[in-house]
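Subject: Structure for your review

Dear colleague,

My notes on what was found in it follow.

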Amino acid sequence: MSNPAGEAQLARWRADTPGTAHRNHLNNAGAALMPGVVLDTMTAHLQLEAEIGGYEAADAKQSEVAQAYGDVAALINAQPHNVALVANATAGFIQALSAFDFEPGDVIVTTRCDYTSYQITYLALAKRLGVVIRHAEDLPEGGVDPESVRTLASDPRCRLVHVSWVPTNSGLVQDAEGVGAVCEELGVPYLVDACQVVGQFPIDVSRLRCDYLSATARKFLRGPRGMGFLYASDRALARGDHPLFVDMRGARWTSQHEYTIAEGARRFEDWEFPYALVLGLGAAARYAAEQGIHATGRRAFALANRLREGLLSMDGVRVLDRGSEPCAIVTAAFAGRDATQLVALMAKRGINVVSSLRWYGLLDFGEKQVDSALRLSPHYYNTEAEVDAALEALGSS
Ligand SMILES: Cc1ncc(COP(=O)(O)O)c(C=O)c1O
């Protein structure tokens, strides 16, 4: 970074982030370093719970909890009643998926780069319920082809389209808006996995035209672990969608044989609620909005490109990220090297990175003929010097 205002801003971000003093953290796609304000918000609430009781502390913080819904909604251009707070992105995905009463022969259309756990869930649905899973084809430059989605989702048995906007195992950004336009035209429900997107670049659910969107707090949003959210559109709510295993937060028991589902997306939540994490998520959403997700995202992308350029200049290294504009997740394969060993070598130097194994992205890595890849994911609070230190460490390992 060369301009003084930029330097001052970076120094502020780092002062706000205690972890930057200890680690070169290039694992923001795993879990980012939390800003101090997120940590303080959560510890203050835990303290209050210890002092006055858990239920009583929740009552005392009702308006702050309501504020957290508002802050999360603002992040994605939604309303608070469209937001369900859940344990993680997968929990949100499962809750949304369980709203569909799949029957044998029903079709789910997905992509070749959808998240590992979701691919496993689809297989379980196929095995247990006879659901048919179809993977749309990729564009030549990488990422799902919305026209292939159109072909597959035109099947009258298609009940749902799901897209991981940014996959776990590469810097690819899929055309989630293009797929949304197709789904709206066909009238097929659309679920977006925005787990690696939230906090990395802006989200607008009205542009995605999705029925649902699931995300997590701990990654580029810089919130706590064990927290996530599910957006449920007014369209989905009006349909009466609700989870298969709805509990007493999501519904009221109104007579011996009846229940009434809760208004709004709350019907997708659990009764037991981690209030400290909820408040931490709210603080993270506010902090991200204050820094400006568009601007911070540009910086994270630029740091990732610096990493890619450095990696490309190394012998025996293959950068694996496809798509027209890769994001802040960088993946690379090192000829004859197991990425897990490289992770350990980097850890010895205080540099946090992770490996991605073939089965994490079986279809994608299969095509790329990759057994293991190193994943480096910078964020805006990282420095150019940290990126260069990682490159230097890899070059000399
Ligand atoms: C692309 C993608 N989708 C979904 C998930 C699941 O998120 P969670 O672990 O919060 O359930 C992950 C987690 O790494 C991910 O990378």
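The domain assignment of the protein chain gives two parts: domain 1 (4-16 + 293-395) and domain 2 (39-290). Please bear in mind throughout that this is a predicted model. Between the C-alpha centres of domain 1 and domain 2 the distance is 27 Å. Domain 1 puts 25 residues into the contact and domain 2 puts in 23 residues. On the side of domain 1 that touches domain 2, α12 (293-312), β12 and α14 (362-368) each supply at least two residues. The largest share of that side comes from α12, with 5 residues. Sorted by class, the side of domain 1 that touches domain 2 holds 13 nonpolar, 8 polar and 4 charged residues.

The core

The largest nonpolar core has 120 residues, of which Val 83, Val 161, Val 192, Leu 213, Leu 230, Tyr 231 and Leu 281 touch the most other members. Helix α11 (residues 275-291) gives the most to this core, namely 11 residues. Domain 1 and domain 2 both give residues to the core, so it lies between them. As a general point, nonpolar side chains in soluble globular proteins tend to be buried together.

Not counting residues up to four places away in sequence, Val 161 touches Val 109, Val 149, Ala 153, Val 179, Cys 183, Val 188 and Tyr 190. One of these contacts is also a strand pairing: Val 161 in β5 is the bridge partner of Val 109.

The seven-stranded sheet

β5 belongs to an open sheet of 7 strands with mixed pairing, in the order β2-β8-β7-β6-β5-β3-β4. The edges are β2 and β4 (132-135); each has a single partner strand, so one side of each is left without a neighbour in the sheet. On average, and with direction ignored, neighbouring strands are turned by 20° against each other. Strand β3 (residues 107-110) and strand β5 (residues 158-164) run parallel and are joined by 3 bridges.

Two helices should be noted with this sheet. α6 packs on the sheet and touches β3, β4, β5 and β6, its direction making about 145° with that of β4. Helix α7 (residues 146-153) lies across β3, β4 and β5 and runs at about 160° to β5.

The four-stranded sheet

A further open sheet is formed by 4 strands in the order β11-β12-β15-β14, with antiparallel pairing. Its edge strands, β11 (317-319) and β14 (354-357), each pair on one side only. The twist from one strand to the next averages 35°.

The pairs in this sheet are as follows.

- β11 and strand β12 (residues 330-334) pair over 3 bridges in the antiparallel sense, and Val 317 has Phe 334 in β12 as its bridge partner.
- β12 and β15 also pair in the antiparallel sense over 3 bridges, with Leu 374 in β15 as the bridge partner of Ala 332.
- β14 and β15 are antiparallel and pair over 4 bridges; here Leu 357 stands opposite Ser 372 in β15.

β15 is mostly covered, with 4 of its 5 residues buried. Helix α13 (residues 339-348) lies across β12, β14 and β15 (372-376), running at about 35° to β15.

A loop proline

Pro 326 sits in the loop between β11 and β12. Is Pro 326 buried or exposed? Pro 326 has 22 C-beta neighbours inside 10 Å, and the cut-off for a buried residue is 20 or more, so Pro 326 counts as buried. Leaving aside neighbours within four places in sequence, Pro 326 is in contact with Gly 171, Leu 172, Ala 304 and Asp 321. The C-alpha atoms of Pro 326 and Arg 150 are separated by 24 Å, and these two residues are 176 residues apart along the chain.

Regards

Methods
Residues are numbered from 1 along each chain as its sequence is written. This is a predicted model: local features need pLDDT of at least 70, side-chain atom pairs count only at pLDDT 80 or more; totals for chains, interfaces and linings use all residues. Two strands pair if DSSP finds at least two bridges between them. Axes are lines fitted to C-alpha atoms, for helices over the stretch in contact, and angles run from 0 to 180 degrees between N-to-C directions. Two residues are in contact if their C-beta atoms, placed from the backbone, lie within 7 Å. A nonpolar core is a set of buried Ala, Val, Leu, Ile, Met, Phe, Trp, Tyr and Cys residues joined through C-beta atoms within 7 Å. A residue is buried if 20 or more other C-beta atoms lie within 10 Å of its own, exposed if 12 or fewer, and partly exposed in between; C-beta atoms are placed from the backbone. Domain bounds come from an automatic or database domain assignment. Ala, Val, Leu, Ile, Met, Phe, Trp, Tyr, Cys and Pro count as nonpolar, Asp, Glu, Lys and Arg as charged, and the others, Gly among them, as polar.
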